[in-house]
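Subject: Structure handover

Hello,

Here is the structure I said I would pass on. My notes on it follow below the entry.

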Amino acid sequence: MESLLSVENLTKQYKDVVALNDVSFDISDGITGILGENGAGKSTAIKIVLGLLEPTSGTAKILGELASENITVRSRLGYMPEHDSLPSNVTAAEFLTHMAELSGLPPTHARSRAADTLRHVGLFEERYRPIGGYSTGMKQRVKLAQALVHDPAIILLDEPTAGLDPAGREDMLDLVRKIHREFGISILFSSHLMADVERTCDRIIVLRGGRLIQSGEVKSFTEETETVYIEVDTNKDRLIASLQNRNVDVSEAEGGIFVEGSDESVYDHVRDALVEAEAPLRRMGPRRRALTELFERDGDDFSELPTGVGS
Amino acid sequence: MTTSNQQAKSQNGAEGTVFDIGYQHYDGPREGRNRARLSVYKEGLKISLGLGRGPRAKVLPWLFIGALVLIGAGMAFAAITINRIAGDGTAEAVGLPSHSDFYGIASIIMFIFAAISAPELLCPDRRDGVINLYLVRPLTGTDYIVARWASFMTIMLVVAWLPQIILMIGLTMGAAVPADYLKDNWLDIPKFLGAGAAIATYSGTIALLVSGFTTRRAYASVFMVGLFTVSTPFTFGLAQELGGTAGKWLSMFNLSNIPMHVNDAIFGTTSGVTMHAPAAEFDTWILVSWFFLWTLLPVGVLWTKYRRLSV
């Protein structure tokens, strides 16, 4: 698969603070999440990719170009910043038309694209209202729309759900998924919220303290484990005791119990224990690893790294 | 791509179909950096005149433009009336204000217009963060500030020239033989164009420079107006006190008079505002060089500041 974004040995140092430390990754078609805490280096990486910051060393090519050397490549990029970046006294239609022209579209095309894009983000009816009167969720949609209005090949979203309530966050994540699945536009999605990345992205890149910790397919991080999760209606304690009597490694979990076992015999033990404990079974199945565990597992090198500053 | 349709009946009873054709990729022309520059320039013109904004944004610029036009029209009306009553050439004979005096009368209005309009072009973009969306497009900081400067210079030139053009038309049409008046006075045209360009460039550039150092429009406007109103009595009083060459040099720091010395040099007269200024005794080349220093230096500082601007 062709690489849309290629980062090689990227380092960015501010005096004595290393914001990015020898980071390399490639991004191809799809939704890729950059996951990391505040200060992990996500925004620094995005700014270098956009050509707005010079790296201390290494390269960041997007669509095969260095954006700092060939700024025309930016006409095929979309960027949604984390912070406020909208004027208050112009209408969304006027603002988007201007943004489309700034990306190189002639005025008539820009006007038509602006109206279409506002329809796609659900703001068509509100397009002639000044942006200053919009809600936070609507403003986030305008920010997304301006990144989309010129039909870019790839969009870089910096914390797109920041400041949104749960419903607004859900809507924004739906829009992000729609942009890739229905519009065919690739996305780099930066977030410190693991749940957002897990639900939206195909691949992730995990940064901590300016270092690349993990990268790969989201499903490879959330694969099935050898742990079986069991939920019963009643007699949970009796079930645990019965399993322990059968020398099964069991631990209590919120709402149910975890049973460790790599072979089929563990299911026989569970069946017998359920009968013995007279515990009606509600749910049973292999447990999937949550992305949050990336930051919880002990022993991995990333848990011992210092946290950097500068994103 | 999603495709749904909605059946609708037209007024004559025939059935029509409205198609939602989903997201359409853009395959029209992309005009790159030049279109982006032109868009910033056009937007600058609209902001300066309050076009595409609410009614409040239009009040001040049009009030000042109207005032300047009224001065030009009033001067023409007075000259025509006197010439009609007392005979052709009377207005000039009695020393009624004309082209060479216009900027002496109107400069304070032009300075205030610049002080109020220039911050609108630069402060909100940084205050609202919109500049972040400009700089991630095929546009550099230099492109942005040059386009904004060019748009404001266009407005300032129109503001400076329009009343003079109205005055010229009035004086010509009011003369007994318009063709003779134009033949005798055509040299006033390049003179007022030159003097107008000087005052427009000077006041516009200083106002943009002040605006480039704050995100608050009110601060920039008040500082600019204060700079021009305080420098006049301060330098005048102190220059009179000191006398001699030191007094003359101090008088050079009367910021309101700097472009007026150029006006005097172009028309070969001494206007009312520079009549008593010790600096007027300097050679013309010193006064003109001083004007260029005070115009080009702010251009350089402004460019240096925006060239390094980053998101």
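This is a predicted model: local features need pLDDT of at least 70, side-chain atom pairs count only at pLDDT 80 or more; totals for chains, interfaces and linings use all residues.

Two strands are counted as paired if DSSP finds at least two bridges between them.

Chain A overall

Chain A contains nine helices and 14 strands. The C-alpha trace of chain A extends over about 75 × 50 × 35 Å along its principal axes. Of the 311 residues in chain A, 43% are buried. If contacts in chain A are limited to residues at least 6 apart in sequence, 70% of them connect residues at least 24 apart.

The domain assignment divides chain A into domain 1 (5–221) and domain 2 (224–288). Between the C-alpha centres of domain 1 and domain 2 of chain A there are 44 Å.

The six-stranded sheet

Chain A has an open sheet of six strands with mixed pairing, in the order β6-β7-β8-β3-β9-β10. β6 (77–80) and β10 (211–217) of chain A are its edge strands, each pairing on one side only. From one strand to the next, the twist averages 15°.

Within this sheet, β7 (residues 154–158) and β8 (residues 186–191) of chain A run parallel and are joined by five bridges. Leu156(A) has Leu188(A) as its bridge partner in β8(A).

Helix α5 (residues 166–181) of chain A lies across β3 (31–35), β7 and β8 of chain A, and runs at about 155° to β8(A).

Helix pairs in chain B

Two packed helices are described by the angle between their axes and the distance between the axes. Both values are given here for two pairs.

For helix α8 (residues 188–211) and helix α11 (residues 258–267) of chain B, the packing angle is about 170° and the axes are 9 Å apart. Angles over 145 degrees count as roughly antiparallel, so α8(B) is roughly antiparallel to α11(B). On the α8(B) side the residues in the contact are Lys191(B), Gly194(B), Ala195(B), Ala198(B), Ile199(B) and Tyr202(B), and they meet Ile258(B), Pro259(B), Val262(B), Asn263(B), Ile266(B) and Phe267(B) of α11(B). Sorted by class, this contact of α8(B) with α11(B) has nine nonpolar, two polar and one charged residues.

The second pair is helix α9 (residues 217–242) and helix α10 (residues 244–251) of chain B, whose axes come within 7 Å and cross at roughly 170°. α9(B) and α10(B) are therefore also roughly antiparallel to each other. Here Thr235(B), Leu238(B), Ala239(B), Gln240(B) and Leu242(B) of α9(B) meet Gly244(B), Ala246(B), Gly247(B), Leu250(B) and Ser251(B) of α10(B). The contact of α9(B) with α10(B) has five nonpolar, five polar and no charged residues.

One residue of chain B

Is Gly66(B) buried or exposed? Gly66(B) belongs to helix α2 (residues 55–86) of chain B. It has 10 C-beta neighbours inside 10 Å and therefore counts as exposed. Gly66(B) is 25 residues from Tyr41(B) in sequence, and their C-alpha atoms are 23 Å apart in space.

Contact between the chains

The contact draws 36 residues from chain B and 36 residues from chain A. On the side of chain B that touches chain A, the elements giving two or more residues are α1 (32–49) and α5 (130–135) of chain B. α1(B) gives the most to that side, with six residues. By class, that side of chain B has 15 nonpolar, 13 polar and eight charged residues.

Regards

How values were computed: Residues are numbered from 1 along each chain as its sequence is written. Chains are lettered from A and ligands numbered from 1 in the order in which they are written. Two residues are in contact if their C-beta atoms, placed from the backbone, lie within 7 Å. Helices (H or I, at least four residues) and strands (E, at least two) are DSSP runs, numbered from the N terminus. Ala, Val, Leu, Ile, Met, Phe, Trp, Tyr, Cys and Pro count as nonpolar, Asp, Glu, Lys and Arg as charged, and the others, Gly among them, as polar. Axes are lines fitted to C-alpha atoms, for helices over the stretch in contact, and angles run from 0 to 180 degrees between N-to-C directions. A residue is buried if 20 or more other C-beta atoms lie within 10 Å of its own, exposed if 12 or fewer, and partly exposed in between; C-beta atoms are placed from the backbone. Angles under 35 degrees count as roughly parallel, over 145 as roughly antiparallel, 65 to 115 as roughly perpendicular and the rest as oblique. Domain bounds come from an automatic or database domain assignment.
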